[in-house]
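Student: I have a structure to study and would like to go through it by question and answer. Please show it first.

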Amino acid sequence: MGLIYCFLDVEVDGPAPGTNSMLALGIAAFDEEERELDAFEINLETLEGAAGAENVLEWWRTQPEAWAHIRRDTVPPAVGMARCLHWLESLGSDLVLAAHPLLLDGLWLDWYFRKFCNVAVFAGPFDVRCPFVGAGLDVPSYVQAALNSAYFTARPDYPPELQGGAAHTHRPLDDARGHAALYFAARRRVRAAHR
């Protein structure tokens, strides 16, 4: 079947897993021909004993539609992460985790999977099992290389033709699909340059 790219986006209420909470996650799964195979989105209850960071909560107050979306129909984190793992495993093998950026979103997914499912995203050879293969795909790093750009020190304004009309709404599944559009557009550009 080939690789399945799992584009992840998480929404959180602060910078630190455990101290703060992951509020929602979305994953859009694509095959190597850029076809969306399936998608998953879930909203999570906050962690017991955790609190949102005031500066992040203040920012969320500027995003009322997205906030309403991610606080609707929340489930306990243990339930949500078990559903997410089951969905990932139903896709098959050779799953590649991709995110924008991988370090942020992947870290949150890893922390939640370890806590609630005894599964890792960033797994070593002697670690617990991992649903993904390889080191994962950091979308901004790939785009930076594809465009032959200087190192991104902040989120760049990508050329519109690379964004595929995807709006960044802070709804996890919308943003995951937007990251997929960006990656595949950059990959097409690289492949065209090497023909």
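Student: How do the residues of the lining of the largest pocket divide into nonpolar, polar and charged?

Tutor: Keep in mind that this is a predicted model. The largest pocket holds about 650 Å³ of space, and 29 residues line it. Elements giving two or more residues to that lining are β1, α1 (54-60), α4 (102-117), α5 (139-146) and α7 (172-193). By class, the lining divides into 15 nonpolar, eight polar and six charged residues.

Student: Which element gives the largest share of the lining of the second largest pocket?

Tutor: The second largest pocket has a volume of about 180 Å³. It is lined by 13 residues, and R155, Y158, Q163, A166 and H168 are the closest to its centre. The classes are five nonpolar, four polar and four charged. The largest share, five residues, is given by α7.

Student: What is the omega of the peptide bond from H100 to P101?

Tutor: Most peptide bonds are trans. P101 sits in the loop between β4 (95-99) and α4. The bond from H100 to P101 is cis, and its omega is near -5 degrees.

Student: In what order do the five strands of the open sheet stand?

Tutor: Strands of a sheet pair through backbone hydrogen bonds, either parallel or antiparallel. Here β1 (residues 4-12) and β2 run antiparallel and are joined by eight bridges, whereas β4 and β5 run parallel and are joined by two. The pairing in the sheet is therefore mixed, and β3 and β5, each with a single partner strand, stand at the edges. The order is β3-β2-β1-β4-β5.

Student: Which residue of β5 stands opposite A99?

Tutor: The parallel pair to look at is β4 and β5, with its two bridges. In β5, A99 stands opposite D138.

Student: How many residues of strand β2 are buried?

Tutor: Buried means under 20% relative accessible area. Strand β2 covers residues 22-30 and is largely enclosed by the rest of the structure, because the buried residues number nine of the nine.

Student: Which residue in β3 is the bridge partner of L25?

Tutor: β2 and β3 (residues 36-43) run antiparallel, with seven bridges between them. On the β3 side, the bridge partner of L25 is I42.

Student: Which residue in the turn of the hairpin of β2 and β3 has a positive phi?

Tutor: Most residues other than glycine have a negative phi. Five residues lie between β2 and β3 in the hairpin. In the turn, a positive phi of about 75 degrees belongs to E34.

Student: Is D73 buried or exposed?

Tutor: D73 lies in the loop between α2 (64-70) and α3 (77-91). Its phi is positive, about 55 degrees, although D73 is not a glycine. The cut-off for exposed is over 50%. The relative accessible area of D73 is 65%, so D73 is exposed.

Student: What is the relative accessible area of N118?

Tutor: N118 is in the loop between α4 and β5 (137-138). It is not a glycine, yet its phi is positive, at about 55 degrees. N118 counts as exposed, with a relative accessible area of 51%.

Student: Which members of the largest nonpolar core touch the most other members?

Tutor: In soluble globular proteins, nonpolar side chains tend to be buried together. The largest nonpolar core has 33 residues, and β1, β2, β3, α3, β4 and α4 each give two or more of them. A second, separate core has 21 residues, including F7, V143, A146 and Y158. In the largest core, the members touching the most others are M22, L25, M81, L88, L109 and F113.

Student: Which residues is M81 in contact with, leaving aside its neighbours within four places in sequence?

Tutor: M81 is one of the core members that touch the most others. With those neighbours left aside, the contacts of M81 are M22, L25, L44, L109, Y112, F113, F116 and C117.

Student: Is R187 buried or exposed?

Tutor: R187 is part of helix α7. Leaving aside neighbours within four places in sequence, R187 is in contact with Y5, E32, E34 and Y142. Its relative accessible area is 4%, so R187 is buried.

Key. Residues are numbered from 1 along each chain as its sequence is written. This is a predicted model: local features need pLDDT of at least 70, side-chain atom pairs count only at pLDDT 80 or more; totals for chains, interfaces and linings use all residues. Side-chain values use heavy atoms; hydrogens and water are left out. Buried means under 20% relative accessible area, exposed over 50%, partly exposed in between (1.4 Å probe, protein chains only). Helices (H or I, at least four residues) and strands (E, at least two) are DSSP runs, numbered from the N terminus. Two strands pair if DSSP finds at least two bridges between them. On a 1 Å grid over the protein atoms alone, a cavity is a set of points where a 1.4 Å probe fits but cannot get out, and a pocket is an open set with protein on both sides within 12 Å along at least five of seven lines; lining residues have an atom within 4 Å of a point. Grid points are joined across faces, edges and corners, and a volume is the space filled by probe spheres set on the points. Ala, Val, Leu, Ile, Met, Phe, Trp, Tyr, Cys and Pro count as nonpolar, Asp, Glu, Lys and Arg as charged, and the others, Gly among them, as polar. A nonpolar core is a set of buried Ala, Val, Leu, Ile, Met, Phe, Trp, Tyr and Cys residues joined through side-chain atoms within 4.5 Å. Contact means heavy atoms within 4.5 Å.
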